[in-house]
Amino acid sequence: MARLYLLLLLIILMPFQSLANSYFEQIGWLEKDSHVLRVLQFSKDVESIYHEHDNRFIWFDLQQSTRLEFQLEVIASAGFSPLFSRQLQYLEYYRKSNRWHEYDVLATDTLLLYISYAEQAKVLGYDWFFKSMLYKPLPRLSSAVLQMVVSSIVNKQLSELIETYTPDSSDYQKLLDSYLHVVKFTKLDIPEYTQEGLRGVGEPLDNREILLVRMEMVDVDLSGVRRDVDWYDETLEAPIKEFQRLHGLKDDGVIGSNTMRWLNTSPHKRLAILALNAERSRLWPINFDNLIIVNVPGFEMKYWSSGKEVFESKVVVGRRGRPTPLMTIELESLILNPTWNVPWRIMVRDIIPRVKKDPAYLVKENITIVPRWGSKELIDPNEIDWQNLRPSSFPYKMTQLSGDNNALGLYKFNTPNRRAIFLHDTPSKELFEEVSRAFSSGCVRVENAEQFASILLKRQGADMSLVDENEVAANQSIPLTRKVPVHIIYQTAWSEGGKIQYRDDIYRFDRRIHGKS
């Protein structure tokens with residue numbers, strides 16, 4: 001598999017023959033064997049554009065070319081596209097070599113490539129940003145879009161055209177603002193911060209200045225910090241706690257291994273994180289009228305109604321071996337006092353092995369065995385030879401009856417989908433006190449589920465009394481008058497409260513792209 005990927009990568013990095021070399025040779029711009037002709041992605045369209053523009057330069061405005069190169073730099077820094085990285089390298093080479101004909105032609109071609117990328121991101125972005133790499137040629141633009149490109153060239157509005165195909169969300173812009181801030185630190189040779197053991201208020205620091213510079217990289221407020229001491233004084237405690245909060249750590253003010261790990265994240269690694277998450281934002285919703293967003297690495301969920309955030313909660317998500325899938329589903333109903341039809345995988349991997357160790361496990365957990373879900377017939381567990389049973393050949397189903405100890409708690413937020421992923425309450429409230437909350441088998445457990453249920457029904461204009469009743473029948477369903485889209489996303493960096501939040505890459509999606517450094 002590794003050899004196949006390497007072969008594909010080499011193919012895309014190899015120049016391929018353009019069909020349009022005769023045109024630019026005829027107008028005297030390029031030599032017949034010019035290398036730029038071999039890397040054009042849309043040679044015929046580029047020919048047509050220059051023909052309509054009377055064979056004049058297009059990228060004479062420094063502001064326009066800088067804007068294009070910056071967008072390409074962000075994509076290259078994100079690390080998922082050898083194709084864009086190659087095009088940017090050639091553009092920089094031609095610009096620094098004052099080879100303006102080659103630069104102009106390649107910049108026009110790469111503009112078309114960027115627009116095609118932006119158009120395809122909603123469709124193919126999940127593969128690019130989480131699974132594979134963008135190395136294949138992208139589709140040609142429609143004639144209508146090409147005409148818009150020509151119009152933008154004529155009206156000297158290429159910067160505006162690029163902006164049209166760039167996310168306009170405030171989160172995207174703040175990620176890029178932070179990107180530009182971190183770029184300044186790549187020019188500095190900042191040593192790693194080191195210390196022996198833990199450090200708290202009153203203890204000596206051998207590398208205090210390095211510590212401050214590394215916190216400044218993530219825009220921690222250092223305005224009140226003393227600069228004339230070499231220990232951990234009281235003015236440093238608040239910035240350390242802020243740094244910890246920005247990275248999803250316990251904000252105890254103690255500098256330990258996790259705090260040091262984030263302190264020593266290199267500027268180049270931070271640029272990669274910021275760029276990748278900025279590009280991922282092309283996937284996520286932009287209309288916040290009525291939706292729920294679960295950010296898996298952030299272990300949080302937010303609910304918007306009528307364009308306003310009306311509920312926020314900690315969540316527990318799938319552990320690495322059973323990750324919560326990234327998907328868009330619809331919340332259709334609230335189920336009170338739910339029973340739980342145990343998924344086959346959990347039954348085979350978790351429950352049956354526990355029954356083998358403890359024959360009373362099913363009784364303790366209020367789990368019944370049925371020939372099929374929904375059946376009233378019960379199978380006597382005492383008639384099953386558990387010790388000699390091969391779990392994968394178990395012929396029955398398991399259902400956990402409703403109650404306080406049910407794995408779904410007292411509320412199930414029903415989102416029908418083939419992967420059986422939904423939001424729900426949980427009896428294991430203590431897990432919400434953990435900093436890292438990847439414990440589930442894929443579904444999303446919601447803290448303060450009762451409050452969420454109440455707000456959800458209230459925003460729907462539904463009958464609130466159903467939630468407040470002391471006794472509710474099992475699996476009592478309350479349909480929502482208006483379905484709520486649920487977007488399960490994956491952002492390891494995002495803007496919140498004017499600062500960039502960073503989180504651990506719990507499913508290793510980032511690491512796949514830009515490595516461990």
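# A guided tour of a predicted model

Begin with the whole chain, which the domain assignment divides into domain 1 (23–166), domain 2 (170–277) and domain 3 (285–502); these bounds come from an automatic or database domain assignment. The centres of domain 1 and domain 3, taken over C-alpha atoms, are separated by 46 Å.

Before going further, keep in mind that this is a predicted model, in which local features need pLDDT of at least 70 and side-chain atom pairs count only at pLDDT 80 or more, while totals for chains, interfaces and linings use all residues. Residues are numbered from 1 along each chain as its sequence is written, and side-chain values use heavy atoms, with hydrogens and water left out.

## Stop 1: helix α14

Select residues 267–280, which form helix α14; helices here are DSSP runs of H or I with at least four residues, strands are runs of E with at least two, and both are numbered from the N terminus. The 14 residues of α14 reach 20 Å from the first C-alpha to the last, close to the 20 Å expected at 1.5 Å a residue, where the expected span is 1.5 Å times one less than the number of residues. Of these 14 residues, 13 are buried, a word that stands for under 20% relative accessible area, whereas exposed stands for over 50% and partly exposed for what lies in between (1.4 Å probe, protein chains only).

## Stop 2

Next select residues 290–295, strand β1, where six of the six residues are buried. Asn290, Ile292 and Val294 point one way from β1, while Leu291, Ile293 and Asn295 point the other way.

Which strands lie beside β1? Strand β2 (residues 300–305) runs antiparallel to β1 and is joined to it by six bridges, and strand β12 (residues 476–489) pairs with β1 in the parallel sense over four bridges; two strands are said to pair if DSSP finds at least two bridges between them. Most residues other than glycine have a negative phi. Phe299 counts as buried because its relative accessibility is 6%.

Then select Ser306, in the loop between β2 and β3 (308–318), which also has a positive phi, of about 55 degrees, without being a glycine. Is Ser306 buried or exposed? Its relative accessible area is 51%, and therefore Ser306 counts as exposed.

## Stop 3

Select residues 344–357, helix α15, whose 14 residues should span 20 Å at 1.5 Å a residue, and whose end C-alpha atoms are 19 Å apart, which agrees. Look along the helix for a kink of about 35 degrees at Ile351, shortly before the proline Pro353; the bend at a residue is the angle between axes fitted to the seven residues ending there and the seven starting there.

The buried residues of α15 are Ile346, Met347, Val348, Asp350, Ile351, Ile352 and Val355. What covers them includes β5 (340–341), α16 (361–364), β6 (367–370) and β7 (397–400).

Three of these elements bring you to an open sheet of three strands in the order β5-β7-β6, with antiparallel pairing. Because β5 and β6 stand at the edges, each with a single partner strand, one side of each is left without a neighbour in the sheet. Between β5 and β7 there are two bridges, and you can show Asn341 together with its bridge partner in β7, Thr399.

## Stop 4: the annotated residues

Finally, select His424 and Cys443, which the UniProt annotation "active site" covers in an unreviewed entry; UniProt positions are given in the numbering used here, feature names are shortened, and annotations may be inferred rather than shown by experiment. Although the two are spread over 20 residues of sequence, they cluster in space, with a largest C-alpha distance of 7.7 Å.

His424 is in strand β9 (residues 423–424) and counts as buried because its relative accessibility is 5%. Where does Cys443 lie? Cys443 is in the loop between β10 (438–440) and β11 (444–446), and at 15% relative accessibility this residue also counts as buried.

To see the surroundings, show the residues in contact, meaning those with heavy atoms within 4.5 Å. Not counting residues up to four places away in sequence, His424 touches residues including Tyr411, Phe413, Cys443 and Arg445. Leaving aside neighbours within four places in sequence, Cys443 is in contact with residues including Val316, Thr324, Phe422 and His424.
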